Amino acid sequence: MDALKVNINHALNCIEKDAIDALLPEVLAAQKHLIDGDAAGNDFLGWVDLPENLDKDMLARLKADVKRLQDKSQVMVVVGIGGSYLGARMVIEALQSEFAAMNLGNKPFVVYAGHTLGEDYYGQLLNLLDHVDYTTCVISKSGTTTEPAVAFRIVKAHMEKKYGHEECQKRIVAITDAKRGALHDIATQEGYPMYVIPDNVGGRFSVLTPVGLLPIAMAGYDIDRLIQGARDMRRICIENKTLESNPALMYAAVRNAIYRKGIKVEMLVSCQLNLRYLAEWWKQLYGESEGKNGKGIMPHSITITTDLHSMGQYVQDGERLMMETMLRVSKPNSTVPVPTDERNLDSINYLTCKTLTQINDCAAEGTIAAHNAGGVPVVELTVPMIDEYYIGQIIYFFEFACGVSGYTLGVNPFDQPGVEAYKKNMFHLLGKPGF
Ligand code: PA5
């Protein structure tokens, strides 16, 4: 089995290898906390063994429901925010064509709601839903988050008008807490099929529960391969005790060593546009897990070469406050060579017959060398290709490394007390009783 690899060679312009190696005892202690469940946040470690523990009956029911819902859908609306939508969106956008929306009817196209309160977005969504056959998957662990609650009320009202109550029972599925919360109560009373988010799995670690698996399967992707990728990476992360043999320990060690040298921002750099939601998912995972108690690397992201023509100037030449983690993919899923042109009016005949990946790889190499020369350390993560299996590996790698990194930083990586502050102010302004 090939696996995701970490290369720190281009980070050594900023940090000595000895300083990274010196963190081995700390990352091993953090790894042990995740395995033994003996540190802060240990009631949210359900994700650690999730790839091995997924309930087979639940998966069989999920696949049957997906098949039934697919037959009724040109579009599925996934309602959720934060950890209740980013995982599914990251996987779907990494795998689907950028132009999938142009091909409605081939397989269900997933659209999102509940992740914004922008009124125009919902106006546009309702216009679309007037014209397509659709189903809805509403996801909220607490069952009380305002944004998805408002969005679901809007979508449910549209569905009931379009299809009637009885048909809605066949077109809506809810994913929420086993016993509590408004969404649990709505689903029970309305008779919607329900899936449970385990108590011990936090939102940002929930992509391998029905939260991610149902929408991903709905979009037509192989969730068994996704789970297998996560399962194989879990073994690597749990069994290996050296930095060289364990990519999660190495990544956690190098980013903490760099942070301790005063670098406060990490930019996830991807070389393909279809990985931009992977970066959004990663930002939530690391931002919510580590940004607390006045500490934590701030996660940011760019795509190359797109953003080299905007953020590239700052990274090369602005304040020296960032490291980069470049996610590289060895083999593309498509081959597009540059055509020959005898007249060479555009003067790019030197690229003739090279594939775009060869050109993009040179851009990546050139970027690493340039940013290194500008004082930016670059950690490289490489996967053989983007498919369900390797995305499964990437998910588990980043999750495990996040837990290790957070404990090494000295925070509880599994709470998020800071996200409550804006809600209290908003509720007060909206006149919610009790605020
Ligand atoms: O990571 C988290 O816990 C948050 O981002 C939540 O996923 C997000 O706030 C949505 O919460 P809920 O699923 O309870 O609606």
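Rings of Phe, Tyr and Trp (its six-membered ring) count as a pair when their centres lie within 6.5 Å; planes under 30 degrees apart are called stacked, over 60 edge-to-face, and the rest tilted. With that in hand, look at W47, F205, Y396, F400, Y407 and F414, which form one aromatic cluster. The model is predicted, so to speak of local features requires pLDDT of at least 70 and side-chain atom pairs count only at pLDDT 80 or more, while totals for chains, interfaces and linings use all residues. Residues are numbered from 1 along each chain as its sequence is written, and side-chain values use heavy atoms, leaving out hydrogens and water.

By the pairing rule there are 20 aromatic pairs. One of them joins F152 and Y192 edge-to-face, with 6.3 Å centre to centre and 85° between the planes. This pair links distant parts of the chain, 40 residues apart: F152 belongs to helix α7 (residues 146-163), and Y192 to the loop between α9 (182-190) and β6 (194-196). Helices (H or I, at least four residues) and strands (E, at least two) are DSSP runs numbered from the N terminus. Both F152 and Y192 are buried, meaning under 20% relative accessible area with a 1.4 Å probe, protein chains only.

Rings can also meet charges. A charge sits over a ring if NZ of Lys or CZ of Arg is within 6 Å of the ring centre and within 35 degrees of the ring normal. R61 lies over the face of Y195, 3.9 Å from the ring centre, and the charged end of K432 sits over the ring of F427, 4.1 Å from its centre.

Technical notes:
Buried < 20%, exposed > 50% of the residue type's maximum accessible area, 1.4 Å probe, protein only.
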